[in-house]
Amino acid sequence: MWTTIILLILFIISFYLDFRQYKNIFLLGLFLISLCAVILFELVIPTMHLSLNINYLLMLNIVYSLIVIVAMLLSLLNLKKKIANDGKFVTNMIVLGYGAFILVNFLILVFKPDIVIKFTNGLLFIYLSILFYYLNLMFITQNIYSWLISGMSKRKKRRYIIVLGAGIIGDKVSPILQARLDKAIKLKKKNLNAIIIVSGGQGPDEIVSEAEAMRNYLVYQGVRAEDIIMEDQSTNTEENLINSYKIMQKEESNPLATIVSNHFHILRASFLAKKLQMNATVTGGSSKYYFYPNAYVREYIAILYMFKKTHIIALIIITILFFGYNMMN
């Protein structure tokens, strides 16, 4: 119990100092593991008079994997609609690759094939299970954290609202971009003095820049043109923030901003803002349900790659501790 409380306090302190620290995700993950352990070992097992049994762990694996399989099926059912709206077949198939990874690990855990069990007397099986839970814990924790920081940002009023660009259809905003703009409009209504910066360049297959399409949508929705600044040179998220930051610095020495994207994207945006030393909160607009499976997996992989050194070190430590412990015993 005390371990759980200490981890919660450490997380709150670290979050208060800077919510954009990647270590916050690790602290949140450790807290959630500790909390689940307390609930399981101090509440559920004593109350229900259960005895520890490997079958309970197996049941948890089955429940978790069923959730993943359902998510995969929902993604497949909406794949045609997703591609029609977003037009990117390869990125829309990412969730299937991640689902295949989950499924392979689950099959290993359940059926325990001889080649895995007999090799190194089952140590490989246990090691793979640890890696399985590590990667999936990071996936779950990152997504919980992104919703947490989005909710916290709603309460803060900032001078500038930066809307990150996304794909457009002709000269119209796509559904995913519309969700960001609708979120910006809500923030603007709560803070009438705010300036909206729409950020996004013109791709080779686009007839206007993303910034222009966003500006037109905002004006059509009733936002005054003089309250909108266009940034139409950027080609990716980092450039969105760099160029928008330069625009703000021309007006103020230490500008305060809220970055608006979609829930699945705001975590990476917050880390990039920290890298640029931008004083900014982040918040996300809600997208259509069929965007979420692929988008969350895609962002998860992107963030893993962004902090690849951290995860390599973590996996090395896990490997050393695991095999070191087993060699001594």
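## Exposure and the model

A residue is called buried when its relative accessible area is under 20%, exposed when it is over 50%, and partly exposed in between (1.4 Å probe, protein chains only). Glu238 is partly exposed, with a relative accessible area of 27%.

The model is predicted, and local features need pLDDT of at least 70, side-chain atom pairs count only at pLDDT 80 or more, and totals for chains, interfaces and linings use all residues. Residues are numbered from 1 along each chain as its sequence is written, and side-chain values use heavy atoms, with hydrogens and water left out.

## Salt bridges

A salt bridge is a side-chain nitrogen of Lys or Arg within 4 Å of a carboxyl oxygen of Asp or Glu. Eight salt bridges are found in the whole structure. In one of them, the side chains of Glu238 and Lys275 meet at 3.1 Å, N to O. This pair links distant parts of the chain, with Glu238 in helix H11 and Lys275 in helix H12, 37 residues apart. Helices (H or I, at least four residues) and strands (E, at least two) are DSSP runs, numbered from the N terminus. Lys275 counts as exposed, at 56% relative accessibility.

Another salt bridge joins the side chains of Arg20 and Asp18 (3.3 Å, N to O). Arg20 is buried at 12% relative accessibility, and Asp18 is buried at 15%. Elsewhere, Lys188, Arg224, Glu226 and Asp227 are linked in a network of salt bridges.

## The cavity

On a 1 Å grid over the protein atoms alone, a cavity is a set of points where a 1.4 Å probe fits but cannot get out; lining residues have an atom within 4 Å of a point. Grid points are joined across faces, edges and corners, and a volume is the space filled by probe spheres set on the points.

The structure holds one cavity of 30 Å³ or more, and the largest cavity contains about 40 Å³ of space. Its lining includes Gln142, Phe264 and Tyr296. Helix H8 (123-153) and helix H13 (292-306) each supply at least two lining residues, and H13 gives the most, with four.

## A loop residue

Gln277 lies in the loop between helix H12 (266-275) and strand S7 (280-285). The phi of Gln277 is near 60°, a positive value in a residue other than glycine. At 67% relative accessibility, Gln277 is exposed.

Definitions and conventions. On a 1 Å grid over the protein atoms alone, a cavity is a set of points where a 1.4 Å probe fits but cannot get out, and a pocket is an open set with protein on both sides within 12 Å along at least five of seven lines; lining residues have an atom within 4 Å of a point.
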